[in-house]
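Please look through the sequence and the model below before reading on. The briefing that comes after is arranged by topic.

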Amino acid sequence: MELKIDLLPKAKKSKFALAMGVTGIILGILYLVLVIHKNQGDWIFGGLMMLYMLVLGIRGIVTGLGYSFDKFFGSAYIHIDDQHIAIKPGIRAKEQSISWGRIKSMEYKSNWFLITETDGSTSRFSLSDLEFKVLIEARDVIRMMANEKRITIN
């Protein structure tokens, strides 16, 4: 069995977000062109605001087209298969990964596993950053795979 879940939210296409993004970009470019054309010296604050508007416009277009903006900066996933367990709960979070061959025994606590490795060391495998439904599904698949591999779980 294999469990593979992408934890980043799926974006829905939105005509409103797309329209707001295009409007933001048009207003930002129009303002910058007018300020540069007039050669005014007091455009620094307004220029920064319009640059911010351009960035928000790009984000609005990306979101409006149905893409997740967070996917440009990283990934978040659960991948459990016959070879290893890998969980990365957020785009800024570090991946937790361990090979099934290195696991001697496991103990399930509330929302985390205490894993004893074959060399005697222990590590904590946290599931607490996951949504409850995903946490339960990951926990159940880990237990089932451990039973198949004859790894004791307390």
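Predicted model: local features only at pLDDT ≥ 70, side-chain atom pairs only at ≥ 80, totals over all residues.

Residues are numbered from 1 along each chain as its sequence is written, and side-chain values use heavy atoms, with hydrogens and water left out.

**The sheet S1-S2-S3-S4**

- Four strands in the order S1-S2-S3-S4 make up an open sheet with antiparallel pairing; strands are DSSP runs of E with at least two residues, helices are runs of H or I with at least four, and both are numbered from the N terminus, while two strands pair if DSSP finds at least two bridges between them.
- At the edges are strand S1 (3-6) and strand S4 (96-99), each of which pairs on one side only.
- Neighbouring strands of this sheet are turned against each other by 5° on average, direction ignored, where axes are lines fitted to C-alpha atoms, for helices over the stretch in contact, and angles run from 0 to 180 degrees between N-to-C directions.
- Strand S2 (residues 77-80) is joined to strand S3 (residues 84-88) by four bridges in the antiparallel sense, and Ile78 stands opposite Ile87 in S3.
- Helix H3 (residues 132-148) packs on the sheet and touches S1, S2 and S3, with its direction at about 15° to that of S2; contact here means heavy atoms within 4.5 Å.

**The sheet S7-S6-S5-S8**

- Another open sheet has four strands in the order S7-S6-S5-S8, with mixed pairing, and its edge strands, S7 (122-126) and S8 (152-153), each pair on one side only.
- Strand S5 (residues 103-109) and strand S6 (residues 112-117) run antiparallel and are joined by six bridges, with Thr116 in S6 as the bridge partner of Ser105.
- Helix H3 lies across S5, S6 and S8, where it runs at about 145° to S5.

**The buried Lys88**

- Lys88, which is found in strand S3, is buried yet has no salt bridge, and the nearest side chain of opposite charge, that of Glu95, is 8.0 Å away.
- Burial is read from relative accessible area (buried under 20%, exposed over 50%, partly exposed in between, with a 1.4 Å probe and protein chains only), and for charge, Lys and Arg count as positive and Asp and Glu as negative, with His and the chain ends not counted.
- The side chain of Lys88 reaches the backbone oxygen of Ser75 at 2.9 Å and the backbone oxygen of Ile91 at 3.3 Å.
- Leaving aside neighbours within four places in sequence, Lys88 is in contact with Leu7, Ser75, Ala76, Tyr77, Ala93 and Glu95.

**Salt bridges**

- The count comes to four salt bridges, a salt bridge being a side-chain nitrogen of Lys or Arg within 4 Å of a carboxyl oxygen of Asp or Glu.
- One of them joins Lys71 and Asp6 at 2.7 Å, N to O; because Lys71 lies in the loop between helix H2 (44-64) and S2 while Asp6 is in strand S1, the pair ties together parts that are 65 residues apart in sequence.
- Lys71 is partly exposed at a relative accessible area of 43%, and Asp6 is partly exposed at 32%.
- The side chains of Arg139 and Asp140 also meet in a salt bridge, at 3.1 Å from N to O; Arg139 counts as buried at 18% relative accessibility, whereas Asp140 counts as partly exposed at 37%.

How values were computed: Polar contact = N/O pair within 3.5 Å; in protein donor to acceptor, adjacent residues only side chain to side chain.
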